[in-house]
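Please consider the structure shown below. The paragraphs that follow treat its salt bridges and one of its helices.

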Amino acid sequence: MSEKSKRIKPNDIAYIGLSAALITVCAWITIPVGAVPITLQTMGICLVASLFGAKRGVLSTLTYLLLGAVGVPVFSSFKGGIGVLAGATGGYIIGFIFTALIVGVISDKLGGKVYFLIPAMILGVAVCYAFGTAWFMLVYTKEKEIALSKTLALCVTPFLIPDAVKIIIASLLTAKLKKHIKE
């Protein structure tokens with residue numbers, strides 16, 4: 001890879017900024033269902049990473065996280081601040097980085113075909129679930145003991161069907177839009 005291809009280009013900056021904004025809007029669309037709300041964040045992360053690849057997808061996600069960490073209300077329910085990241089759901093938000101990386105790398109290597117994107121997104125979201133659930137248990141255990149089965153019932157099971165729908169939508173949108181993305 002040449003030194004020139006490693007540089008961030010003006011298109012990259014525009015896509016990263018717009019993608020961070022898209023992820024923010026997706027976070028604000030919230031259905032409260034307990035400790036962890038249903039949002040469109042995972043769809044936004046999957047869409048951004050599959051459309052723009054690993055570099056832009058991860059940088060967009062990091063931009064979103066950094067904005068939230070410094071207090072900009074970009075997280076679900078218009079929240080922001082380091083307290084959100086340190087809280088019980090912070091692991092899922094940090095897990096978005098891994099989702100973007102996995103989906104972006106697979107999209108970069110295999111292209112925008114739905115039959116590659118759906119498994120990539122499933123894997124990315126599963127890694128986010130694992131990271132977020134472990135984090136939730138760690139934070140929650142400081143208050144009182146919680147079993148893995150109860151944590152999965154709270155933090156994963158209610159999201160399986162909504163996330164499956166979001167993955168299908170993100171993969172279909174990517175398949176339609178990828179050809180219009182300028183490098």
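Lys 166 and Asp 163 are joined through their side chains by a salt bridge, with N and O 2.7 Å apart; the term denotes a side-chain nitrogen of Lys or Arg within 4 Å of a carboxyl oxygen of Asp or Glu. This is a predicted model, in which local features need pLDDT of at least 70 and side-chain atom pairs count only at pLDDT 80 or more, while totals for chains, interfaces and linings use all residues. Residues are numbered from 1 along each chain as its sequence is written, and side-chain values use heavy atoms, with hydrogens and water left out.

Both Lys 166 and Asp 163 belong to helix 8, three residues apart, or about one turn of the helix. Helices are DSSP runs of H or I with at least four residues, numbered from the N terminus. Lys 166 is buried at 7% relative accessibility, and Asp 163 is buried at 5%; buried means under 20% relative accessible area, exposed over 50%, and partly exposed in between (1.4 Å probe, protein chains only).

Elsewhere, Asp 12 forms a salt bridge with Arg 56, the closest N and O atoms lying 2.6 Å apart. Asp 12 is in helix 2 and Arg 56 in helix 3, so this pair ties together parts 44 residues apart in sequence. Asp 12 and Arg 56 are both buried. Asp 12 also meets Lys 55 in a salt bridge of 3.5 Å, N to O. Lys 55 is partly exposed, at a relative accessible area of 35%.

Key
Helices (H or I, at least four residues) and strands (E, at least two) are DSSP runs, numbered from the N terminus.
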